[in-house]
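User: I've got a model open and want to talk it through. Could you take my questions as they come?

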Amino acid sequence: MTDNPKSGRPGQRPGQKPFYKKKTAGKPAPRRPGLPPDGPVLLYGLHTVEAAFANKDRKRLKLFATENAQNRLAERGVKIDVPVETTMPRALDRMVTKDAVHQGMILEADPLPAYGAEHLEGARLVLALDQVTDPHNVGAILRSAVALDADAVVTTERHAPEEGPVLAKSASGALDMIKHVRVKNMARFVGEMKDKGFGCIALDSDGPASLEDTAFTDKTVLVLGSEGKGVRQGVREACGLLARLDMPGEIRSLNVSNAAVLSLYVARMKMGL
């Protein structure tokens, strides 16, 4: 494939601006909080792209892929319903950040819909993250939430990772498999969920009882905080119920993504799910 300096597409020369479309005149369309200000999102990697094609809520725009990558998707039964541009690996490299593992495919897509608390009707187990900012951690938590059949992962609109390629790749497809709800105010969200009959439990190292010894209701919101600060005081007060994860070994604390796995597992056992 030859370079086309005017194309703004794969094959553009190094140093040229990314291929996102420029803003048109007039008031821009509103965008979901936490997203890049312009253009679509780029999803890359086999599992991420495969999940995006399987998600009815994901509006897909165009696939850039090598011939080998297209064959891999076809072998996995992925129905490609967008235009495909056969692209060389080096051109794909220029579309993403350094060291990004695209596996020969990049999907240009619109962000997912802005899910809110109103989309949690019928949910039983919800995991809320209070200002967890690392996209790798949040991506890993999304994967665990899917694996343990949680109904949604909730983050704040601010001080949380945007729905971008790093989060999507870290989630390895899970971003398109579970509702990712973003809320303006976590304490207010907890209050709303309590009004809907949810028991809300904040994980805190100073909790009066272990999570295993905590009483669960048939609908639960588990709230985890960022490493270091933990769940903020106002959110803890809104939950009303604190619990700790007891570690028998010499290391007494876990990375937030590991704590999420253990918390979800205990919750499922306690709730009989």
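User: Let's start with Q131: is that residue buried or exposed?
Analyst: Q131 counts as buried, because its relative accessibility is 13% (buried means under 20% relative accessible area, exposed over 50%, partly exposed in between, with a 1.4 Å probe and protein chains only). Keep in mind that this is a predicted model, where local features need pLDDT of at least 70, side-chain atom pairs count only at pLDDT 80 or more, and totals for chains, interfaces and linings use all residues. Residues are numbered from 1 along each chain as its sequence is written, and side-chain values use heavy atoms, with hydrogens and water left out.

User: Where does Q131 sit, and what does it touch?
Analyst: Q131 is in the loop between β5 and α4 (helices are DSSP runs of H or I, at least four residues, strands are runs of E, at least two, and both are numbered from the N terminus). Not counting residues up to four places away in sequence, Q131 touches T156, H159, S226, K229 and R232 (contact means heavy atoms within 4.5 Å).

User: And T133, what are its contacts?
Analyst: T133 lies in the loop between β5 and α4, and it is partly exposed, with a relative accessible area of 47%. Leaving aside neighbours within four places in sequence, T133 is in contact with H159, A160 and P161. T133 and E227 are 94 residues apart in sequence, with their C-alpha atoms 9.5 Å apart in space.

User: On to α4. What span should it have?
Analyst: Helix α4 covers residues 135-147, and at 1.5 Å a residue its 13 residues should span 18 Å (the expected span is 1.5 Å times one less than the number of residues). The end C-alpha atoms of α4 are 18 Å apart, which agrees.

User: Which of its residues are buried, and what covers them?
Analyst: In α4, the buried ones are N137, V138, G139, I141, L142, S144 and A145. Their cover includes strands β5 (125-130) and β6 (152-156), plus helices α5 (165-171) and α8 (256-271).

User: What goes on at the start of α4, and just after it?
Analyst: At the start of α4, a side-chain oxygen of D134 comes within 2.8 Å of the backbone nitrogen of H136. Just after α4, D149 has a positive phi of about 60°.

User: Switching topic: how many disulfides are there?
Analyst: A search of the whole structure finds 0 disulfides (a disulfide is a pair of cysteine sulfur atoms within 2.5 Å). C200 is in no disulfide, and the nearest cysteine sulfur, that of C239, is 5.4 Å away.

User: What about β1, which way do its side chains point?
Analyst: In β1 (residues 41-44), V41 and L43 point one way, L42 and Y44 point the other way, and all are buried. In a regular strand the side chains alternate between the two faces of the sheet.

User: Which strand does β1 pair with?
Analyst: β1 pairs with β4 (residues 105-109) in the antiparallel sense over 4 bridges (pairing needs at least two DSSP bridges between the strands). Y44 stands opposite I106 in β4.

User: Last one: how many helices and strands overall?
Analyst: The chain has 8 helices and 10 strands. Of its 273 residues, 49% count as buried.

Notes: A polar contact is a pair of N or O atoms within 3.5 Å; within protein, one must be able to donate a hydrogen and the other to accept it, and residues adjacent in sequence count only if both atoms are side-chain atoms.
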